[in-house]
Amino acid sequence: LTFNIMKTLLLFISLIFFNETKYPTYKGEGDLITFIQNNLKYPPEAKITKTEGRVFVQFVVNKSGETTKVKVLKGIGAGCNEEAARVTNMITWFPGEVDGKIADVEMVLPFDFKL
């Protein structure tokens with residue numbers, strides 16, 4: 001997972017909306033990338049089949065800062081899709097805002113699986 005990819009995806013998402021959106025920010029200790037690196041586990045099936053690639057997970061951060069409506073947009077299988085969704089569900093956020101009001105905000109995160 002690279003920071004530049006995440007910034008590019010967030011920029012793309014912001015272009016979809018025609019309003020002032022303040023995106024949710026990671027609420028945990030440290031930074032989001034470190035959290036993902038510490039919690040993402042390479043699935044045993046993916047190791048056996050030597051599956052590598054990127055999984056894109058779409059989700060909504062609700063007004064309470066909870067991760068909801070997790071959905072794999074593009075996956076690679078072999079347990080990687082489920083693992084990316086599992087870690088996404090673990091993330092807590094400070095909620096985002098739309099036009100100055102706390103609101104549900106849709107986001108996408110990429111997860112890289114590389115042996």
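Colleague: What is the relative accessible area of Asp112?
Modeller: This is a predicted model, in which local features need pLDDT of at least 70 and side-chain atom pairs count only at pLDDT 80 or more, while totals for chains, interfaces and linings use all residues. Residues are numbered from 1 along each chain as its sequence is written, and side-chain values use heavy atoms, with hydrogens and water left out. Buried means under 20% relative accessible area, exposed over 50%, and partly exposed in between (1.4 Å probe, protein chains only). Asp112 is partly exposed, with a relative accessible area of 26%.

Colleague: Which residue forms a salt bridge with Asp112?
Modeller: A salt bridge is a side-chain nitrogen of Lys or Arg within 4 Å of a carboxyl oxygen of Asp or Glu. For Asp112, the closest N and O atoms of the pair are 2.5 Å apart. The partner is Arg54.

Colleague: How many residues apart in sequence are the parts that Arg54 and Asp112 tie together?
Modeller: Helices (H or I, at least four residues) and strands (E, at least two) are DSSP runs, numbered from the N terminus. Arg54 itself is partly exposed, at 28%. Arg54 lies in strand S3 and Asp112 in strand S8, so the parts they tie together are apart in sequence by 58 residues.

Colleague: How many salt bridges does a search of the whole structure find?
Modeller: Arg54 with Asp112 is one of them. Glu83 with Arg86 is another, with closest N and O atoms 2.7 Å apart. The search of the whole structure gives a count of 2.

Colleague: In which helix do Glu83 and Arg86 lie?
Modeller: Glu83 counts as buried at 11% relative accessibility, whereas Arg86 counts as partly exposed at 35%. They are 3 residues apart, about one turn of the helix. Both lie in helix H4.

Colleague: Which elements do the buried residues of H4 pack against?
Modeller: The buried residues of H4 are Cys80, Asn81, Glu83, Ala84, Ala85, Val87 and Thr88. They pack against H2, H3, S3, strand S4 (67-74) and S8.

Colleague: Is Thr88 buried or exposed?
Modeller: Thr88 has its place in helix H4 (residues 80-90). Contact means heavy atoms within 4.5 Å. Leaving aside neighbours within four places in sequence, Thr88 is in contact with Val57, Phe59, Thr67, Val70 and Phe111. At 0% relative accessibility, Thr88 counts as buried.

Colleague: Which residue has its backbone oxygen 2.8 Å from a polar atom of the side chain of Thr88?
Modeller: The atom on the Thr88 side belongs to the side chain, and the other is a backbone oxygen. The residue that supplies this oxygen is Ala84.

Colleague: How many of the residues of S3 are buried?
Modeller: Strand S3 is largely enclosed by the rest of the structure.

Colleague: How many bridges join S3 to S8?
Modeller: Two strands pair if DSSP finds at least two bridges between them. S3 and S8 run antiparallel. Val61 has Val105 as its bridge partner in S8, and Val60 stands opposite Glu106. The number of bridges joining S3 to S8 is 9.

Colleague: Which residue takes a positive phi in the hairpin of S3 and S4?
Modeller: S3 and S4 run antiparallel, joined by 5 bridges. In S4, Lys71 is the bridge partner of Gln58. The hairpin has 5 residues between the strands, and the positive phi, near 85 degrees, belongs to Gly65.

Colleague: What is the angle between the planes of Tyr42 and Phe113?
Modeller: The pair is edge-to-face, 5.6 Å centre to centre. Both residues, Tyr42 and Phe113, are buried. The angle between their planes is 85 degrees.

Colleague: Which residue is stacked with Phe59?
Modeller: The two rings are 5.7 Å centre to centre, with 25 degrees between the planes. Phe59 is in strand S3 (residues 53-61) and its partner in strand S5 (residues 93-94), 34 residues apart. The partner of Phe59 is Trp93.

How values were computed: Rings of Phe, Tyr and Trp (its six-membered ring) pair if their centres lie within 6.5 Å; planes under 30 degrees apart count as stacked, over 60 as edge-to-face and the rest as tilted. A polar contact is a pair of N or O atoms within 3.5 Å; within protein, one must be able to donate a hydrogen and the other to accept it, and residues adjacent in sequence count only if both atoms are side-chain atoms.
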